[in-house]
Amino acid sequence: MDESQRAPIDWNLLSVAISKQLAPSVALEAIDKASARLSATGESEIREAFAAITEGTWWVMALDEQLRTQLKHHGVEYSRTYESVRNGDADGRFIRGFSWARDRLTHQLPFSAENDETPFFATGHPSAVVVISKGFIWRRADQLPAAPSGHDHPERRQAYVDYLEGESLRHTLARASEWFHKAAGHRPLDG
């Protein structure tokens, strides 16, 4: 089905669902709090970073699934249109990657983060290395356990590779939060 045949998104419905209903509004607050906790972590606080990103990942997916379920009550095409618009949005596209990560974090609890210590410039002298770090980053997909039975979603894995793998935990969680804030009408949608 092409875009012209899809049902339009009822942005008012999404806004009300996120802003006025208790569970979705709490989920968005929890995503933002997990994001704030990530921003406050220092290099030596990998345990706190892992806890915050695991919690944030869970809330991202819980909120996304809640929105898709509510839209399905208005017709399956509303849900499909939401997914299409979300996946095409500069911030929303991160959510499919979170879905793949969530399956691993929920079913297998792997350590999905590491601290990036990428050297940026080095002269011949060992003390002349400047490190430009992304901070805590998502591990490579091939470093995480294989999918549990029934959870092998190649398109979600590819979204993880494309948008999360090697990227900052802080940045990616903030991008997912931005999508939900746009869907709630708190921020303008991308042009």
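**A charged pair and its surroundings**

Mentor: In this predicted model, Arg 68 forms a salt bridge with Asp 64, and the closest N and O atoms of the two are 3.1 Å apart. Both residues belong to helix α3, where they sit four residues apart, which is about one turn of the helix. Taking burial as under 20% relative accessible area, Arg 68 counts as buried because its value is 16%, and Asp 64 counts as buried as well because its value is 1%.

Helix α3 also carries Glu 65, which pairs with Arg 102 of helix α5, so this contact ties together parts of the chain that are 37 residues apart in sequence. The salt bridge between Glu 65 and Arg 102 has its closest N and O atoms 2.9 Å apart. The two partners fall into separate classes of accessibility: Glu 65, at 30% relative accessibility, counts as partly exposed, whereas Arg 102, at 15%, counts as buried. Arg 102 has a further partner in Asp 103, with the closest N and O atoms 3.2 Å apart, and in that pair Arg 102 and Asp 103 are both buried. As for the pair we began with, salt bridges that share partners join Asp 64 and Arg 68 with Glu 83 and Arg 86 into one network. Over the whole model, the count comes to eleven salt bridges.

The largest nonpolar core has 36 residues, and Val 60, Phe 98 and Phe 180 touch the most other members. Among the elements that each supply at least two residues of this core are α3 (46–72), α5 (94–107), α6 (154–164) and α7 (169–183), together with the strand β4 (135–138); α3 gives the most, with eight residues. Phe 98, leaving aside residues up to four places away in sequence, touches Ile 53, Thr 57, Val 60, Met 61, Trp 138, Leu 164, Thr 172, Leu 173 and Ala 176.

A word on confidence belongs with this picture. The mean pLDDT of the protein chain is 81, and 80% of its residues reach 70 or more. Over residues 1–6, however, the pLDDT is below 50, and beyond near neighbours in sequence this stretch has seven contacts in the model.

Key: Residues are numbered from 1 along each chain as its sequence is written. This is a predicted model: local features need pLDDT of at least 70, side-chain atom pairs count only at pLDDT 80 or more; totals for chains, interfaces and linings use all residues. Side-chain values use heavy atoms; hydrogens and water are left out. pLDDT is the predictor's confidence in each residue, from 0 to 100. Contact means heavy atoms within 4.5 Å. A nonpolar core is a set of buried Ala, Val, Leu, Ile, Met, Phe, Trp, Tyr and Cys residues joined through side-chain atoms within 4.5 Å. Buried means under 20% relative accessible area, exposed over 50%, partly exposed in between (1.4 Å probe, protein chains only). A salt bridge is a side-chain nitrogen of Lys or Arg within 4 Å of a carboxyl oxygen of Asp or Glu.
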